[in-house]
Every structure is written in C-alpha cells, then in structure tokens.
Amino acid sequence: MPATAWLSAGHRLQIPRAEVSYRATRAGGPGGQHVNTSSTRVELWWNLRASSALSDPQRTLLEARLGHRMDQDGWIRLVESGSRSQLRNKETVTERFLALVAEALRPPKVRKPTRVSRTQKAKRLETKRQRADVKRLRGKVRGDE
C-alpha cells in the first residue's frame, strides 16, 4: 500500500492515507511467549478537526455523530487486537474506521408520517372491549343473594 494512496469512506469521501496514523503495541491476552515479544495490537489515529478531506458540512456532521469517540483535540482512536498478525489487525482496523466514517456520513432516513387504518382502529377497540368484558365477568356476581 503506497503512502500516497487514498482511503475511500463511501462514495462521498476520500481520506488521504497520510492523515491516518498507526501505532503498534503489545497485545494482551493468551498467546504464550509470542505475545510477550511482538507488537501485534494496532491503534489507528485520525484527527477529524484537522482533516483536509472534509467539507465544513461533513466535518459538522461527523463531529455531531462521532463526538463521543473524539478526544478534546479532535482525535479519533480505534484499536484492533483480534489477530496475531500485525498486518491483519491493521487491515481490520482500517476497514472498521472507513465503515464508521461512511455510516456517520450517511443521511438519516426520513420518516414518512402514516396513519392507523380504520380496520386497525376497529380491531384494537374490539379487542379492548373483549378484554374489558373478561375482567368484568371476573368480578362478584350481583343480584340474587
């Protein structure tokens, strides 16, 4: 993968690979002696506020939707340590990052207001009436004592 390549987050956004930085650290968990000597855990860092790839509306939308993932300086950090291979973890965390950004940029689905149909209303009221009758019949019998 060349350093000048672009990362494609959906069809709307091309992020320069130079804006994304990776850091390899030692992964925890089981793995025997191998885990103590190799740095297979990968952290991906991207500064949303300093990115040149984003337009102002995109930046505002991403800050609103990914604000809980950002630190005070605008950095987004993702970590992957699922594989024992550093390369595989790097590929996985990059895929997760691009999916996260693409999902955050997707416009929200517009809700179309609907009405309850006449038959649905009638059915609900009939069910309600039947239930009320059942409860009423459970009560004490009045009349001849």
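Begin by selecting helix H3, where Asn89, Thr92, Val93, Thr94, Phe97, Leu98, Leu100, Val101, Ala104 and Leu105 are buried, buried meaning under 20% relative accessible area with a 1.4 Å probe and protein chains only. Helices (H or I, at least four residues) and strands (E, at least two) are DSSP runs, numbered from the N terminus. The model is predicted, so that local features need pLDDT of at least 70 and side-chain atom pairs count only at pLDDT 80 or more, while totals for chains, interfaces and linings use all residues. Residues are numbered from 1 along each chain as its sequence is written, and side-chain values use heavy atoms, with hydrogens and water left out.

Stay with H3, residues 86-105: its 20 residues should span 28 Å at 1.5 Å a residue, which agrees with the 29 Å between its end C-alpha atoms, since the expected span is 1.5 Å times one less than the number of residues. Next select Ser85, which caps the N-terminal end of H3 with a side-chain oxygen 3.4 Å from the backbone nitrogen of Leu87.

Now show what covers the buried residues of H3, including strand S1 (6-9), strand S2 (13-16) and helix H2 (56-66).

Turn to S1 and S2, which pair in the antiparallel sense over four bridges; two strands pair if DSSP finds at least two bridges between them. Select Ser8 and you will find Gln14 of S2 opposite.

Finally, select S3, S4 and S5, which form an open antiparallel sheet in that order. S3 and S5 are the edge strands, each pairing on one side only. Six bridges join S4 to S5, and Trp45 stands opposite Arg77 in S5.

Key
Buried < 20%, exposed > 50% of the residue type's maximum accessible area, 1.4 Å probe, protein only. Contact = heavy atoms within 4.5 Å. Polar contact = N/O pair within 3.5 Å; in protein donor to acceptor, adjacent residues only side chain to side chain.
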